[in-house]
Amino acid sequence: MGEIILQAYAKINLGLDVLRKREDGYHEVKMIMQRISLADTLVLRKCPGGGILLQGDTETDVSGVPMDASNLVYRAIQMLKEEFQLEEGVEAVLTKRIPVAAGMAGGSADAAAALKGMNQLFSLGLSEQELRDRGVKLGADIPYCIMGGTALSEGIGERLTPLPPLPSCHILIAKPPVSVSTAFVYGNLRVDELLEHPDIDGMTEAIRQGSLQGVIDRMGNVLETVTIPAYPEIAVIKSIMLEYGAERSLMSGSGPTVFGIFPDEAKAMQAEQAIRKAGYAEQTYLVQPLL
């Protein structure tokens, strides 16, 4: 086996709550994660020389994405090469479609794909749980990105409970032309001053009952309290989605990406056109939830 091609799927947070700041500096979270049909592509190949070569696809824009040892794909490959003393070189070609620094776990999804791809390419025999245990050392979202689907995420994101699939729906994604630092958002979050917390337990039960409306009624993200004051265009995009028929609109992760759940595709397309015409987002996508 000389080449592996993998899809690295983005995620959105249907609900995101922060319970407390831990003594180690991490935040204790409780989230509902959902994989969506927007993906980067990662190609892994064995190559001579023993090194790691990471490059972007020539047809896509990877500006702003480092192609060196600071990239999570590079670090994931390097981790397994060192652990298993793999002497062959690895070439990785990354095609980016997921917006960068957008609250959609693009880098984590790419790293998850790299771990899974290395496991296949070199027949390492690692189970999904063993891959997740390694992934969390690189980033809190990586274990979820390895598992995918719909999941309850707890701890710092490493404790995952698989949930039944989200009922089919139309999701509009819109990312304004700003990049948000996750460290900035969590660093400015005042957990003890939060007045409202999303009902994650109720959302979990709604998903188990197959109730999309039950999920929509409980959507919430406490990180909006930090990100929206700093980037008010997020609130404008949310309001446009609601104006054009979204049943609910929410920021994903630490932002700035906004998503809306629509009853039909036509309304989602109208909202997409309105957001683009108003100049609030050039990166927009109509997607569906994935298993």
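Loops and backbone

Tutor: Begin with A101, which sits in the loop between β4 (89-95) and α2. Helices (H or I, at least four residues) and strands (E, at least two) are DSSP runs, numbered from the N terminus. The model is predicted, so local features need pLDDT of at least 70 and side-chain atom pairs count only at pLDDT 80 or more, while totals for chains, interfaces and linings use all residues. Residues are numbered from 1 along each chain as its sequence is written, and side-chain values use heavy atoms, with hydrogens and water left out.

Student: What is the phi of A101?

Tutor: Most residues other than glycine have a negative phi, and most peptide bonds are trans. A101 is not a glycine, yet has a positive phi of about 50°.

Student: Which residues does a cis peptide bond join?

Tutor: G255 and P256 are joined by one, with omega at about 5°. Look for P256 in the loop between β9 (248-251) and β10 (258-262).

Student: How is the packing of α1 and α2 read, that is, at what angle do their axes cross?

Tutor: Two packed helices are described by the angle between their axes and the distance between the axes. Axes are lines fitted to C-alpha atoms, for helices over the stretch in contact, and angles run from 0 to 180 degrees between N-to-C directions. The axes of α1 and α2 cross at roughly 30° and come within 8 Å. α1 is therefore roughly parallel to α2 (the term covers angles under 35 degrees). On the α1 side the contact (heavy atoms within 4.5 Å) uses L72, V73, A76, I77, L80 and K81, and on the α2 side G107, S108, D110, A111, A114, L115 and M118. These contact residues comprise 9 nonpolar, 2 polar and 2 charged. Ala, Val, Leu, Ile, Met, Phe, Trp, Tyr, Cys and Pro count as nonpolar, Asp, Glu, Lys and Arg as charged, and the others, Gly among them, as polar.

Student: Which residues of α9 and α10 meet?

Tutor: I237, I240 and M241 of α9 meet A271, A274 and I275 of α10. By class, this contact has 6 nonpolar residues, no polar and no charged. The axes of α9 (233-243) and α10 (265-277) come within 9 Å, crossing at roughly 145°.

Student: How many cavities of 30 Å³ or more does the structure hold?

Tutor: Rolling a probe the size of a water molecule over the atoms shows where empty space is left. On a 1 Å grid over the protein atoms alone, a cavity is a set of points where a 1.4 Å probe fits but cannot get out; a pocket is an open set with protein on both sides within 12 Å along at least five of seven lines; lining residues have an atom within 4 Å of a point. There are 2 such cavities of 30 Å³ or more.

Student: Which residues line the second largest cavity?

Tutor: That lining is made of Y9, A10, K11, R35, Y144, C145 and G148. β1 and α4 (142-147) are the elements that give two or more of them, and β1 has the largest share, with 3 residues. The volume of the second largest cavity is about 40 Å³.

Student: What is the volume of the largest pocket?

Tutor: The largest pocket contains about 1,100 Å³ of space. Of its 44 lining residues, L72, A105, S108, D141 and T182 lie nearest the centre. At least two lining residues come from each of β1, β2 (27-47), α1 (72-83), α2 and α5 (182-187). The pocket lining divides into 23 nonpolar, 15 polar and 6 charged residues.

Definitions and conventions
Grid points are joined across faces, edges and corners, and a volume is the space filled by probe spheres set on the points. Angles under 35 degrees count as roughly parallel, over 145 as roughly antiparallel, 65 to 115 as roughly perpendicular and the rest as oblique.
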